[in-house]
Amino acid sequence: MQASVIRPSKKSRLLLFNKPYGVLTQFTDQEERQTLKDFINIPGIYPAGRLDRDSEGLLLLTDNGQLQNLIASPEHKMPKTYWVQVEGIPDSQSLDHLRTGIVLNDGPTLPAWAEIIDAPDVWDRVPPIRERKSIPDCWIQLTIKEGRNRQVRRMTAAIGHPTLRLIRCQIGSWKIDDLPPGHWRELEIPASLKDKLNTNRSKRVKWKTSGKPRHWKT
């Protein structure tokens, strides 16, 4: 019996990018607005999840569809942490609403982790946020495990504290750290995710049986 040989797949790529304000999370735009193409020139790579045009911070990109799904799909509930500058100072009751879940127009949110923090040491936004001298603002660190459309902004609005600036600082164990806006760096895929990728790949491999020598069929 002669078995066919499976060629080892090429090494998957994973990039961490600090998306600036005003950049679309896509590579093309008919209106000629800034996109990822203005910063990343790597064929075959796509964002794992989205970040609104008016939001900033951490975005992961990969050329592996399974890895993209593991990172972005709500099914896997990978936590995402944001620094959120809001109008006003939320009281403990407002923060508890975030922590226990808020009913939005598309249903209740999962419980979030929420705390008021000191202003993070981050880059200046261009253009700057609209400030009102008569109304104070503060920063909240918020961690969610969902990815609904404009979810964080809707959550803070629901407790009466509109979002002024939104920066995603962490996805899972990946952090923005000191990466400047508009820059990216390549990452090693963690062993835990490699194991999941290998498990998913093995589930798709089947024996081809027809009375002839067996071959792998993928």
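## The pair Arg 132 and Glu 87

In this predicted model, the side chains of Arg 132 and Glu 87 form a salt bridge, with N and O 2.9 Å apart. A salt bridge here is a side-chain nitrogen of Lys or Arg within 4 Å of a carboxyl oxygen of Asp or Glu. Strands (E, at least two residues) and helices (H or I, at least four) are DSSP runs, numbered from the N terminus.

Arg 132 is partly exposed at 39% relative accessibility, whereas Glu 87 is buried at 16%. Buried means under 20% relative accessible area, exposed over 50%, and partly exposed in between (1.4 Å probe, protein chains only).

## The pair Arg 150 and Asp 52

Arg 150 and Asp 52 also form a salt bridge, their closest N and O atoms lying 3.5 Å apart. These partners are 98 residues apart: Arg 150 is in the loop between β8 (137-144) and α3 (151-158), and Asp 52 is in the loop between β2 (46-47) and β3 (56-62). Arg 150 is partly exposed at 32%, and Asp 52 is partly exposed at 23%.

## Further salt bridges

Glu 146 pairs with Arg 148 at 3.1 Å between the closest N and O atoms. Glu 146 is buried, with 14% relative accessibility. Shared partners join Asp 52, Asp 54, Arg 150 and Arg 153 into one network of salt bridges. The count of salt bridges is 15.

## Basis of the values

Residues are numbered from 1 along each chain as its sequence is written, and side-chain values use heavy atoms, leaving out hydrogens and water. Local features need pLDDT of at least 70, side-chain atom pairs count only at pLDDT 80 or more, and totals for chains, interfaces and linings use all residues.
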